[in-house]
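My notebook is open and the model is on the screen. Here is what I looked up, entry by entry.

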Amino acid sequence: MDFLLLLLASGLVSGAAYGLIAMGFALIFKSTGVVNFAQGELVMLTAYISFTLYSTFDLSFFPLMLVTIPISMAIGLVLERLFIRPMLGEPIFAIVMVTVGLAVVLRGITIMAWGPDPFNFNAGIPTRVVTLGGVPFYPAQLYLIGALGVLTAAGWAFLRFSRMGIAMRAVAANETAALLVGISVSRIHAIAWMLSAAIASIAGVLFAANFKLAPDLWFQGLRAFPAVILGGMDSVIGSAVAGLVIGVIENLFQGYVGQGLREISGFIVIIIVLMVRPFGLFGSKDIERV
Amino acid sequence: MKALLELHGVTKRFGGLVAVNDVGLSVEQGQIYSLIGPNGAGKTTLFNLISAVFAPTEGRILFEGHDLTRLPTHALARLGIARTFQNLAVFKHETVVNNLLVGMHSHLQSGPIASAFFWGRTRREEIAARERVEEIIDFLEIEDIRDHPVGTLSYGQQKRVELGRALAISPKLLLLDEMVSGMNQEEREDIARFILDLKDELGMTVFMVEHDMGIVMDISDHVCVMNYGRKIAEGTPAEVAANPAVIDAYLGSSRSAA
Amino acid sequence: ADPGVSDTEIKIGDVNIMTGPASFIGRAVSVGSKIAAAEINEAGGVNGRKITIITEDDGYVPARSFQALTKLIEVDEIFALNGTSGTANVLAMMPLIEENNLPTVVTTAPNELVYQPVRPSVFTVGASYSDAFYAQLKYIHENTEPENAVYGLIRQDDDFGGAVEAGYDRAVKEFGVKDGLRIRFKKGTANFAAEVAQMRQAGVNVLANGGIIAGAANILSEARKLSMDLQVASVWSEDMPPSVNLSAPAGYDYLVADYVALSGPAIDAFLEKAKKYASDEEVAAINRYTYVTYVGLKALAEAMGQCGQDLTRACTVEKLRELKDFDTQGISAPLSFDNPEQLSGTAVAVYQLNAAEKTFTALTDFADY
Amino acid sequence: MLALNNIQILYDRAIEAVRDVSLEVAQGTIVALLGSNGAGKSTILKAISGVLYQEDGEIMSGSILLDGERISGAAPRDIVCKGLLQVPEGRALFATLTVEENLLMGGFTRSRSEAADGLDTVYGLFPRIKERRTQVAGYLSGGEQQMVAVGRALMGRPRLLMLDEPSLGLAPQIVDTIFEAIIKLNAESAMTVLLVEQNAQLALQTASYGYIIENGRIVLDGPAEKLRSNNDVQEFYLGFSGGERRSMRDVKHYKRRKRWLS
Amino acid sequence: MRTGHFKERTAQLVALSDSKVVWSFAGLLLALVLAAPFLIGNYQVTLLVSAMIAIVGAVGLNMLTGTTGLISLGQAGFLAVGAYTNAILMMDYGWPVWLSMPAAGVVSALVSLLVGVPSLRLKGLYLAITTLAFAFIINHVILYAEWLTHGPNGIFVSGAKVFGVDLQRGKALYYMTFGITVVVVFAALNIQRSRVGRAWMAIRDHDIAARVMGVDLLRYKLYAFMVSSFIVGIAGALISLQIRFVNIDVFALILSIEALAIIILGGLGSIAGAILGAIFLSLLPEAIRLFFDAFADTNSSFYTTYVYEIRGITYGIVIIAFLRLKPEGLIGLWRDVRKYWSNWPLAY
Ligand SMILES: Nc1ncnc2c1ncn2[C@@H]1O[C@H](COP(=O)(O)OP(=O)(O)OP(=O)(O)O)[C@@H](O)[C@H]1O
Ligand SMILES: Nc1ncnc2c1ncn2[C@@H]1O[C@H](COP(=O)(O)OP(=O)(O)OP(=O)(O)O)[C@@H](O)[C@H]1O
Ligand SMILES: CC(C)C[C@H](N)C(=O)O
Ligand SMILES: [Mg+2]
Ligand SMILES: [Mg+2]
């Protein structure tokens, strides 16, 4: 198997992980204007919950997700109700800060509930190596790429065509105006959090299946943040594509240049892209009409 | 009279849309010059070109003989060009006083280090600036809201702050974009009086975009009409009001007399 | 007398990682201190004085380690320090330790940076990471080296990784083997696909795996995906049960070196004792760091005991420096601090994992390298 | 239909914007609310729509009734569902959405087919924005935005429409169009209208009843004709002196004191 | 309202405060802080030093993020640059501390241009990401440029002496930090009330309008980066002096988020807010510890197992609860208190 192909393939895998996590971020940002600093923690928490479900009921992947996703959505809803909704109408920075506090709490709770020891969690996905076009993959890696593809398509269609999707963008654009046309802003927020939690759980489970389940999983949230920005803060598709781009670039850099330049390479590419396109690859320009 | 501001063949495209199309005009020193035209005619865009917020796609803009098209936006304040914005562009978290003081920016000198010490010249110039700002506040009769964050003021109050901020530049040319929209008759009359005072007492040149035909017809020396990016007519208020093309495109028959 | 000593009590401080992902170390450490203290106190204490352990969390952040030790010294008035957090954390506490001549037994960061230059009151239990790697590579070189051996190193880009590389460097130079590739990665990296592909590209078949816990496991799992045939050497964090659970599925019977016993009568006896003094939850947290810390506190108590009634820091430091062949009942090789580096327990054994059974067998006895 | 009883409104629990205001809008009528800058007009409309909390405003006392039902304190969405819509001051469009998406959102509480009908009506009313329908709303000219804002509210099929300065920034012709549309909707579908407007001339021609508010209090109210003939109204809101429209060139540099005697 | 307070000269209008009460309170506070080391224990003094360093850092960040509206996730990077510059100059080049500290600020300011220049066109979170990238890159440079930074090994910092007084310990450290804090705070207040500060606020609130008013956007954004990083660099130098050891782990990324937390919790854009926020967040863990020591049942096994995590969670909960009560931050609380006093006994 070709070295380059191998790097590309593994780049897509790590990129898909970035992309999935970033999509969850972007969804909340797009509809509420809030950067959710607890997104990584949400990914971690839902993955742990799925792990418990898995070890209790011994499910295979799809049934497992069938249970995990609704539970995750419920968690998203509860978090929104408990922490975000009371802040409705407050300055956006205050809400962002609440998510920072929330992150601290979720991290603590995860360690209290599951302990600091990492776990092996294959999420009911077979572990036999399969070969595609001469490149070996673990099935979980293919699931990761597949999930990104499916969610990207679904997310795009939802935001573009469904009324709820447009309403989400409307809320982000102007909250007061949204209220005035009868959009229930709190409901939109709740939906955003639920969907984002659902995506987070898919991202979390698949990440854990590929890279183990440990209480430092939350840090992947911060790692995926660049993808959100590179894609363009308000573009859900953008984060998916950007995730892949960053993943591939990082792996190529590591493969051919090496010396710990993995992260740095991603960031350097982002800075260069932003110098040319200050609103990311797919983001829309801020509208400034005077 | 000599021309203070001259536009030659100015054009601005946004993608496929030609917002301003080959416009030429000349505003003379000490004039009250009005620009009218239907919504979307390109009036605000023209202002944006004159104040160097956008660069024109084609054409030249001359102010006292300087070519403005190559200057950065911030250089214009020093040349003496000030403007207000149609859709309010105030510094909303700051007080009225601070908003006006920002208008004084190009008249002050202190850099970061001098500011940090706030001694000597910095202190003196700050005091002088503050005195000037208090005068403007008096002039616009906004004493009572002096220390309010501008974002909490009503629409009309914010418009006044914008006017005050533009005046703080002590401009030679003042561009007013729909200054009186959102004001009632009494307030419009106040503004009309301000504008006349600025012209008569300070010799300021005022270039305004308005939809309020009352004020346009009453106080302008010269009126220019745009439609679909092009200039379609100009002349004295009376000439323009009688022009059939203008009545058709803009005024509507019921108002031609107003 | 010095701070921290009363007629009935000696206060011993412990700054540790009690929160966050690395808290499995801190928890294990604090159980070790607790068991040792309970055992000593039950046997009448140190010349009649009971030992009290005061633990502070630093969350693995050096700035907080400094704050925590300040508090232990100024508010709690501890007499000595046992356990301690990661390398950078100990270093951040070092100025305070030296200034107070605080007798300190470092048990969780046996890093050259800690014992060199020598700080008079600091005593380190353990072989260095560097020696541990050297021991394993030497074992491989002498016993199981594949034909056309190409050595490769993958390590974190921090102080710990630096120590690992030192051992690797010494080994490849000394054996004159082919040094295929050295790779550094950032702490917290999860995906090692590119790195492992590079290893493969370089033809590496003896891998010094400087990843820890999930990282190490992910490296092995990638290697298995590429069907690489590898001899693997790893750090002692890889002999703890959670690490083994993560790594074993990749099927590599990797080596670890450790300066404590992993099984056998000494460990059985220790676990028996643990059940007596610690709660179930605490017993569950036990791992090799527990053993080391236990041993460390016993050694400290021994030195304090030798000072008799007039217990001072100076005396304790003096006695620690003289400590020789202190018996640890088989948990580690006997401890001696009477060397220039004040470093003990340098004798390591090499173990091999049976990935299918998840058990270790000792390949060598404790030996110095 | 709509009644405000002794409303007092505070911002930040400190700034009193509206004091003791009562007003009534009868079913099927057009009522105008006039007043100078900062008088509290927009504040009242925001209070009615239930969005004051967004700006830290609060109704301290009094009540707002719609069809006899108390709506002060209700969620904005429920108020909209009752058929009460507002064209807010300063347009407040969804800047990143296209013109058509903006309009569709106006029909958010309506069924899809109603929304589609609404689109036709609005485009019929304002052909100018039909040309721009796939354009992002934020880039429209000020007047175009105002058309979208009015159109968006109409999409919700209001029973009671509140307009906060609809003529703001519109060319005279368009102002006429909008006011004709309002009158038509009022006449044909009995849409009730509460109109805040600076163009008093137009407002008092359109409305049947008017309120004048200054410094947060209602200072004068009455049928539109009666207001039109009030001296103070003529002087300060209509720009007449002695029955003649006066030119702004001749505005005196001193001002007559308002007395508000009627 | 406080009445009877008419200004006679414009000079009074531009003064920091013209109220005798405010100045007397400030004086009293100053005296109290000056006397503190003689009234409280060494550990508490250490905490106060940390709090003051946090104040310096927060005031610096506030200029960039609060005043100019340029969100920065690079605080950890700038602190690291300041700390390392100070450490390297003192230990490897033998500079005296009174030279190495300002140099730390200057180097930080210069390095900030590396982020500032490529970010000039960026806004909001797009800028945040380049600053985050900067923090990552600094981290990388520190680890890999071993010839300069000693790589992962870190640097011990000692021997900061002026006239034979060791500035790194006890009261000397306290008073030096205090002096620097006071200077920084006053400089920040002065900048805020003059031309440069107003230009920054104008950029934050409406950059096009700011340009039309004559503000050179690029220049003032770079000023903001440089002045802010200068101050943050000094804070970094102070950290290196207090801990006496610098290492990359001292400047973990999470520090950037904590720094943002300080200024948001304090009240974005306000210097007093930054000060209050810094004090609040740096003393909160200690307050929580004292609370648990006093009230928790230390014998329950649940408590003994989870005490540390529980403290961490409490920290998060206090932040959330506080924001819920006072979304405008501590400065909002402060204004409420003032309003209450000046309006008392009337409600409004
Ligand atoms: N930045 C921009 N990008 C794209 N299109 C623009 C932009 N600015 C203006 N336009 C378009 O250019 C045309 C002219 O707009 P402009 O704002 O100049 O009109 P106007 O004459 O000021 O109208 P109004 O009287 O309604 O304010 C409009 O159709 C508008 O949609
Ligand atoms: N968000 C706010 N916070 C504090 N005060 C406010 C706020 N909004 C409005 N105010 C104050 O309330 C008063 C009434 O404002 P409002 O916007 O209702 O006036 P308006 O009658 O609509 O004026 P305009 O004709 O200028 O739009 C003003 O004095 C204003 O300063
Ligand atoms: C996690 C451990 C293997 C790292 C070690 N305790 C150190 O910091 O030196
Ligand atoms: Mg316009
Ligand atoms: Mg209003």
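I began with the rule for a contact, which means heavy atoms within 4.5 Å. I am working from a predicted model, in which local features need pLDDT of at least 70 and side-chain atom pairs count only at pLDDT 80 or more, while totals for chains, interfaces and linings use all residues. Residues are numbered from 1 along each chain as its sequence is written, chains are lettered from A and ligands numbered from 1 in the order in which they are written, and side-chain values use heavy atoms, with hydrogens and water left out.

**Entry: chains E and A**

I counted 41 residues from chain E and 50 residues from chain A in the contact. Next I looked up buried area, the accessible area (1.4 Å probe) that two parts lose on being put together, summed over both. For this pair I noted about 4000 Å², with 83% of that from carbon and sulfur atoms.

How many salt bridges are there between chain E and chain A? I found zero, taking a salt bridge as a side-chain nitrogen of Lys or Arg within 4 Å of a carboxyl oxygen of Asp or Glu. Polar contacts were next: a pair of N or O atoms within 3.5 Å, where within protein one must be able to donate a hydrogen and the other to accept it, and residues adjacent in sequence count only if both atoms are side-chain atoms. Four residue pairs across the interface of chain E and chain A meet that rule, both residues at pLDDT 80 or more.

Helices here are DSSP runs (H or I, at least four residues), as are strands (E, at least two), numbered from the N terminus. α14(E) gives the largest share, 13 residues. By class, I wrote down 31 nonpolar, five polar and five charged residues for this side of chain E. Nonpolar covers Ala, Val, Leu, Ile, Met, Phe, Trp, Tyr, Cys and Pro; charged covers Asp, Glu, Lys and Arg; the others, Gly among them, are polar.

I took donors as N, O and S atoms within 2.8 Å of the metal (3.2 Å for Na, K and Ca); water is not among the atoms, so sites may look incomplete.

Which residues coordinate ligand 5? I found S42(D) (OG) and E89(D) (OE), at 1.9 to 2.0 Å from this magnesium ion. S42(D) sits in helix α1 (residues 41–49) and E89(D) in the loop between β6 (84–87) and α3 (99–106), so the pair ties together parts of chain D that are 47 residues apart in sequence.

I sorted residues by relative accessible area: buried is under 20%, exposed over 50%, partly exposed in between (1.4 Å probe, protein chains only). S42(D) is buried at 12%, and E89(D) is partly exposed at 24%.

T44(B) belongs to helix α1 (residues 43–50) and Q86(B) to the loop between β6 (81–83) and α3 (96–103), so parts of chain B that are 42 residues apart in sequence are tied together. Both are buried: T44(B) at 9% and Q86(B) at 5%.

**Entry: helix α3 of chain B**

Seven of the eight residues of α3(B) are buried, among them V96(B), N99(B) and L101(B). Their cover includes α5 (120–140) and α6 (155–168) of chain B, together with α9 (195–205) of chain E.
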